[in-house]
Amino acid sequence: MKHSYANLPLFFLAAVVATCGMLLYIYMYNAVGAAYSRALVARAIVNSQKLDSVAERSTVQLFEKTASARNRLSSLFVKDVETVSFIEDLENIGTVVGSSVSLSSVSADDTTNMAQGTFAKIGAHIDVTGSWQGVIRTLMMTEVLPYHVSIDTVTLTAVNSAPDTKTTATWRASYNVKATILVTATSTKTK
Amino acid sequence: MEMEEEVVAAELRASKEVQNRSVIESRLRTDSLMIERLLSESGNSKPSQDIRFIAAERGVVRFTTISYGMVGTSTVVVVVQGIAPNRNDLIALKNKMAMSLPMAKIELPLSELAKSKNVIFSMKVSYPKK
């Protein structure tokens, strides 16, 4: 039996082509798999960024919506540049109510060189003389000053107490008022 | 060229967003400090309400001194000094206060009741802050 080797090169060529095709397939399979994994990771990142962006947008909206309330928040503090007007506000209560108001002492922390946004204290001891109504109204007006104030150690004494009614007696009241100073940028000084 | 413009615009947008975020974060930090400060202080106590309430209970008893203070952060102490026409009026005042302020501890030393007329007294009323 005679063998013909004329088709042998074609056979090798076919084998090489088949091997190359298989290798190419394996390579492509791996490359696509890796690209797919990367795409999944990228999609997850994009989704998380989208969620972050939505959350951030809602935070910004909330921030803008609460702007006026937050601005009021700072008005509850006595700005360091407004300490004098705070003291004047206390003194003027007497004029409004019709009682005699005097500040026997005022103390405030030195805000020089304090950083912006930090807090300090201001306090005053107030003496009031007047009718019962006048003294109580002065106390009430102090409580409703447009600042976050705290009042302690209130003493009311009848000076020349009338025998029957408290309304005709003269009363003397003394109390401490404390408020918090908010250090603002404009007043930060350097020595 | 267009591509470059887009990149620059994206960078600007990103930097603006970062800037906005840092402004918001800084403002929120400041606001949170202010809220903490306000909460940490007792603030806005209304002694006039309590004093008026106690004074309204006096009836025929004459008050000469009313002292209002706080013990710690949660207990209000009001010391009332005055003159009662007689012993029964003073006891009636104590009972009236006990009824009006059921949570209050009212201290009226028995020695204050030694005299039957024109009783000079000092009564201590303590109750939790509302």
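Two residues are in contact if their C-beta atoms, placed from the backbone, lie within 7 Å. The model is predicted, with local features requiring pLDDT of at least 70 and side-chain atom pairs pLDDT 80 or more, while totals for chains, interfaces and linings use all residues. Residues are numbered from 1 along each chain as its sequence is written, and chains are lettered from A and ligands numbered from 1 in the order in which they are written.

Select chain A. Among its contacts between residues at least 6 apart in sequence, 71% join residues at least 24 apart. The C-alpha trace spans about 150 × 45 × 25 Å along its principal axes. Its radius of gyration, taken over C-alpha atoms, is 41 Å; a compact globule of 191 residues would have one near 16 Å, by the rule of 2.2 Å times the number of residues to the power 0.38.

Colour chain A by secondary structure.

Next, display chain B and select the contact, to which chain A gives 26 residues and chain B 27 residues. On the side of chain A, α1 (8-65), α2 (67-75), α4 (132-143) and β4 (150-158) each supply at least two residues. The largest share, nine residues, comes from β4(A).

Finally, select β4(A) together with strand β1 (residues 62-71) of chain B. The two strands pair (at least two DSSP bridges between them) in the antiparallel sense over four bridges. Centre on A:T157, whose bridge partner in β1(B) is B:T65.
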